[in-house]
Amino acid sequence: MQAEFYRIDVGCNLAKKASEIIKNELKDNKKVIFVSVNRRFNRFVQKNLNTTEQLSCEFFAIDDFVKKIVMDGNDYILHSPVERHLFFYELLKSVDKIKSHFKGNHVALLKWAKLVSELFDDVELQDKQKEIKKFRSATYYETVKEAHVILEHLPELFEEYENKYKNYIYRGKLYNIASKLHFSDFGFDKNTTFIFANLVVLSESEKNLLKNIANHSKLIVLAHDDLNERDKYFDGFGAIKQLRKQLEGFAEIKDINCNFETPEIEFYEFSNLHTEAAFVADRIKALKNKELGGCAVVLANQDVVFGILGYLGTKPSSVNVTMGYPLKLTAVGEFFRCLFDAAVDYKIRHRSGVSVVILDKLLSNPLANTLFGIEPKKQLIGMPTKTYLKEYGKFQSVFKLLDRLCSVGNTSELYEVLKSIVQKIDMQKLNRYMFQLINIFYNEVVEKLKKLDHPIKDIEFAKELFDEVFGGILIPFEGYPLKGVQIMGMLEGRGLNFDEKFIVDAVEGVLPATEKVDPLMPIDLKEALGLTSYKKKELLAKYFFFREVFSSKKTTILYRNTISNNEKLLPSRFVYQLQFLCNQNSWKCNKKVINPAFSFSGAEEEIKNNLKETLKDFIFSPSAVDTYLNCPYRFYLKYAKKIEVKEDATDEIDPMEIGIIVHELLKDSFGKYVGKEVGKNELEIIKNSAISKVKDIERLNNNAIKERINKLKNLYGGFQLEALKIILKKKLEDLFEEEKKQYSFYLVGVEQTIKATFKGYNIEGTIDRLQKYDNGVYRIIDYKTGNIKKPKVKKLSRVLDDFDFNEYDRQQLLLLHDSIGSVQMPFYGILVKENFNDVKATEAFYIELKNSEKLFNEVKLDGNLDYKQLITYILNHIKNSDEIFPLAGENCLGCPFRHICKFSAV
């Protein structure tokens, strides 16, 4: 037995070491078979060999090597994932108890079939067929009912699988067969050296395959390890320890070390992917041409690849992208996924109509215009109902298509429907990129459906089947291997060393990206059977991360720390571990928080000019100032660019809609008493007037009320007005019960717009109700239908203790953003004092109309805080700041521009 395992320090160039070992083997007139986990590493090895040396070697990716030795001369049929999952769907159906348990839920059965398919694939990969045949399910295992009924029949399912799957092959079975072949069946000479590189934590079949080769020929295994003990705490290279245990029974362990260099590591924190992509692109652009080949971008999250390429804007020769991008995430993918969502919704509604939300999303897709030959999206504007009914008469081409989809009975019919859609698309209206996507979709999805021969029970099953075919398709990128910047995924970078490396979007949930819960089989059961668990996958993910970091001279790690889609994004646990190592070892490590900003230079000078022009005669309102505090970029989009807000289509009526109706009733009822004294008697009259309006609310001549009543009617298909009237009456009674506890007042105005010139700025605001008391106190009342944001007085006081009122940078604004809440009431207070000479003091109350827990919420205006100085500073900041920056984060959730904002955190 001739086997050697070389642990090569991660600081050494593994590709160069591999080429040196190849050259040594070729000196003895041996043939070399070089096998790596992917083709990219092979190309870097070949770069160091001359033509004669390359011709004396054969290079394989390991899957290709295994496929060659098994498939050559055999009649196995290699299954695609969807073919295999359909096989298992029929296999599960063949067991009466399983079939009866699912009670005709074909979609659920197909999903569980996929899980069983993956389980059996792992069984064969780990060579645990005997164990699974002896398996007996125990009732104490915590599994859902579906899993339990499948586990009860696991041995018979596996035996039936082996009988029926004899002529078919999949990855696990492929490796299992390869591990048991006689060496003479490999088709290689015994005077051959087999070199395997970058294998980490072998499956049982892989281990047996290597042992088989070592019994008949020379075997060399190469892997990066941490021989200089960079990581003494977190076992970042624990995967190699396991590999050593697997090999030391038949391989001699040898170490190749190199000079240890202190790693240089930078950590950058971002609020969104766009800013990450822009940052990486800028850093790459700053590199000189000779430095490009020594730079790599490793993407933990493949979603960011298009962003980086877009910001780079470079010639293709300067970038080589190995990884693919999921077709399902493109515009074409979104269109067809949404089309199936619409078909399912259409069927649920008995083919009478489609949700406006789904229809809006479908018709907003760029393919909709070229496919349906109209601009259908415009016809949805102002649609108040939650369901767009077929009987309305519009979008008949859409409904005809949905009818066809809902009627498909087998994969051949589904193929015909999708083919007809592609044929109807006006290709001349598509740009080159969309044209390529349609071609990929047709060849990789539509044509694959043609090869299937399977019944389709319903549209839900068709959708699930479509997702299965669709899910794994990647758009290939064209590039120039070995030239320029290398952009790759975590797995594609295995074994490669670079001078500079960027690891992008290293966040928890992406790195590692493993699910800890297997719905089919609990982790302790998997481990007892010797199958792959999430712990092994996390061990591999940790190794890949730390290997990437320590295999380059300089590593820049980027991650998000923000809210996205209502989820908190945090740095990966591996990032925290690496930061700890930096501190313990006193390495060159820096951490920075990057916040996106426009600097006014070059082409962006136009932005500054737009803002300057806007501010010339600008009238500042509390809403405008709050918008700037929340996000200066939002202020720029709304007031300088004057972009119209995109309203979200919704199936729900917002609770604040009822508050708005109350607001309008109060405005009308109080309006008659402007310029008069209002006491308890008048309040009673006003209350009765408002409540009497509720009785005839559907006939009131008030457009705001009419609009909401109609919306409520449409949403609930003939809304029960009596229920609404009861709610409104109760709110008004509760409100006036509190109102009567106040002193008599003089009603200065209702919905009164007040203007003033303040510190050289034009300001104005519209106050819902302004009251004056005998003691000279003016009370500002604001009816609040949304969330109340009041200044956090204690926090704001602490901030202002060390505040620099002469600095107009981002950090200063952030301090106010986090503590002031809203300037609305202080702003109104300034307007009142600037307009009325007899003001002794001001007080302000929000009346919360959204709920009745606390109707009156006071905002203290005449305290220790100098709101005049504070608002003056914010106005000066708007005028004097040298940049417009987004403040991405939680406030993005409610931003009307989040759909178009490239900095959005959601």
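**Notes on the disulfides, sheet and backbone**

1. C589 is partly exposed, because its relative accessibility is 22%. Here buried means under 20% relative accessible area, exposed over 50%, and partly exposed in between (1.4 Å probe, protein chains only). This is a predicted model, in which local features need pLDDT of at least 70, side-chain atom pairs count only at pLDDT 80 or more, and totals for chains, interfaces and linings use all residues. Residues are numbered from 1 along each chain as its sequence is written, and side-chain values use heavy atoms, with hydrogens and water left out.

2. C589 is bonded to C582 in a disulfide, with the sulfur atoms 2.1 Å apart. The cut-off for a disulfide is a pair of cysteine sulfur atoms within 2.5 Å. C582 is buried, because its relative accessibility is 4%. The torsion about this S-S bond is -65°, and the link of C582 and C589 is left-handed.

3. How many disulfides does the rule count? The count is two. The other pair is C12 and C258, with an S to S distance of 2.4 Å. The two cysteines sit in distant parts of the chain, 246 residues apart. C12 is in the loop between strand 1 (2-9) and helix 1 (14-26), and C258 is in the loop between strand 8 (252-256) and strand 9 (264-270). Helices (H or I, at least four residues) and strands (E, at least two) are DSSP runs, numbered from the N terminus.

4. The torsion about the S-S bond of C12 and C258 is about -125°, so this disulfide is left-handed. C12 is buried, because its relative accessibility is 3%. C258 has 23%, so it counts as partly exposed. With bonded cysteines counted along the chain, the disulfide pattern is 1-2, 3-4.

5. Two further cysteines deserve a look. C338 has 4% relative accessibility, so it is buried. C406 has 13%, so it is buried.

6. Six strands form an open sheet with parallel pairing, in the order 3-2-6-7-1-8. Two strands pair if DSSP finds at least two bridges between them. Strand 3 (57-61) and strand 8 are the edges, each pairing on one side only. From one strand to the next, the twist averages 20°. Strand 2 (residues 31-36) and strand 6 (residues 192-197) share six bridges in the parallel sense. V32 faces T193 of strand 6.

7. Which strands does helix 1 lie across? Helix 1 lies across strands 1, 2, 3, 6, 7 (218-225) and 8, and runs at about 165° to strand 7. Axes are lines fitted to C-alpha atoms, for helices over the stretch in contact (heavy atoms within 4.5 Å). Angles run from 0 to 180 degrees between N-to-C directions.

8. Helix 7 (residues 106-125) has 20 residues, and 16 of them are buried.

9. K103, in the loop between helix 6 (96-102) and helix 7, has a positive phi near 50°. K103 is exposed, because its relative accessible area is 73%. Just after helix 7, D127 has a positive phi of about 55°.

10. E229, in the loop between strand 7 and helix 13 (238-247), has a positive phi near 50°. Its relative accessibility is 52%, so E229 counts as exposed.

11. The peptide bond from L511 to P512 is cis, with omega near 0°. P512 lies in the loop between strand 17 (498-504) and helix 24 (523-529).
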